[in-house]
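Here is a structure to walk through step by step. Keep the sequence and the 3D view side by side.

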Amino acid sequence: MFEQTPHFHFEQLDSTNNYASTIAKLPETLSGTAITTDFQLEGRGQRDNKWLAEPGSSFLGTIILKVPFKPEEIFYLSKWAALQVAKTLIQHNILCVSIKWPNDIFVEGKKIGGILIENSWSDQQLHYSLIGIGINITNQHLENATCISNHTIEIPTAPSFLKTLRNHMSGNLFLLEEKKWLEIDSQYHHLLFQKGEIKNYQIAKDQSNFSGKIIRVEADGKLIVETDSQSCLGFYMKEITFL
Ligand code: BTN
């Protein structure tokens with residue numbers, strides 16, 4: 001289905017999410033429309049970070065989705081988007097793909113890409129969501145990160161990555177449209193980075209360290225970690241650091 005929706009490609013943009021936000025407002029812009037570029041002048045990441053990528057080294061794209069979520073359901077979009085990106089990498093023969101809470105994409109314990117979701121609401125109604133995705137394909141000069149070319153010899157081009165991604169998104173759109181939250185949760189937890197492993201974490205508010213294991217991510221995005229003393233702690237974004 002998404003294969004037939006428009007795809008706009010640019011040699012250079014400030015940010016694919018910025019461009020997408022201008023056209024997503026138009027009623028004629030179809031759900032599934034893709035915006036891609038070879039280079040972003042002002043690529044944006046989560047937590048107000050910049051997203052930097054050398055020209056032609058990455059998949060840089062935004063998919064516009066128009067699905068009427070309720071505010072309390074919106075974290076399922078984040079889980080679903082991360083799953084479709086993970087499945088795309090797996091289809092391109094990348095092994096050991098995982099999703100680091102909330103939606104970073106990891107391969108063999110290193111970040112290979114990330115997702116920036118921006119939603120437009122009014123009166124508790126979602127107008128559109130922008131799913132901005134950056135995946136390192138060949139950028140070797142990355143500290144503490146990795147790229148597709150480190151993990152396979154059949155390196156996909158950005159257009160072939162998009163084709164696979166859109167196939168997964170359209171094939172799995174029913175999970176969102178039919179509110180298959182249990183199925184999304186089951187797939188997400190299956191790929192969740194460090195789930196069930198005893199690891200060290202730091203609590204942001206007092207900088208204290210503890211060891212524990214990730215148990216699950218709740219519907220509102222709260223990460224649940226079980227401590228050595230078997231009590232469960234819950235964290236939202238920016239409240240915990242993975243050590
Ligand atoms: C993260 O911080 O992990 C999220 C990174 C998201 C980057 C992508 S690249 C395409 C789209 N346009 C942007 O400006 N950001 C997202």
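In which loop is Pro102 found? Pro102 sits in the loop between strand S4 (97-100) and strand S5 (104-107). Helices (H or I, at least four residues) and strands (E, at least two) are DSSP runs, numbered from the N terminus. The peptide bond from Trp101 to Pro102 is cis. Its omega is near 0°.

A word on the model itself. This is a predicted model, in which local features need pLDDT of at least 70, side-chain atom pairs count only at pLDDT 80 or more, and totals for chains, interfaces and linings use all residues. Residues are numbered from 1 along each chain as its sequence is written, and side-chain values use heavy atoms, with hydrogens and water left out.

Another loop runs between helix H2 (75-91) and S4, and Asn93 is placed there. Phi of Asn93 is positive, near 65°, in a residue other than glycine.

Now turn to the ligand. The space it takes is the largest pocket. On a 1 Å grid over the protein atoms alone, a pocket is an open set of points where a 1.4 Å probe fits, with protein on both sides within 12 Å along at least five of seven lines. A molecule sits in a pocket if more than half of its atoms lie within 2 Å of the pocket's grid points. S6 gives the largest share, 4 residues.

Which residues come nearest? Of the 19 residues around the ligand, they are Ser15, Gln40, Arg44, Gln46 and Lys111. A residue counts as near if one of its heavy atoms lies within 4 Å. The shell divides into 5 nonpolar, 11 polar and 3 charged residues. Here Ala, Val, Leu, Ile, Met, Phe, Trp, Tyr, Cys and Pro count as nonpolar, Asp, Glu, Lys and Arg as charged, and the others, Gly among them, as polar.

Look at single atom pairs next. An N or O atom in the side chain of Gln40 is 2.9 Å from a nitrogen atom of the ligand. For Thr16, a polar side-chain atom lies 3.0 Å from a ligand nitrogen atom. A polar side-chain atom of Asp104 lies 3.5 Å from an oxygen atom of the ligand.

Strand S10 (residues 223-227) and strand S11 (residues 232-235) pair in the antiparallel sense over 4 bridges. Strands pair if DSSP finds at least two bridges between them. Ile224 stands opposite Gly234 in S11. The hairpin has 4 residues between its strands, and Gln230 takes a positive phi near 65°.

Note on methods. A polar contact is a pair of N or O atoms within 3.5 Å; within protein, one must be able to donate a hydrogen and the other to accept it, and residues adjacent in sequence count only if both atoms are side-chain atoms. On a 1 Å grid over the protein atoms alone, a cavity is a set of points where a 1.4 Å probe fits but cannot get out, and a pocket is an open set with protein on both sides within 12 Å along at least five of seven lines; lining residues have an atom within 4 Å of a point.
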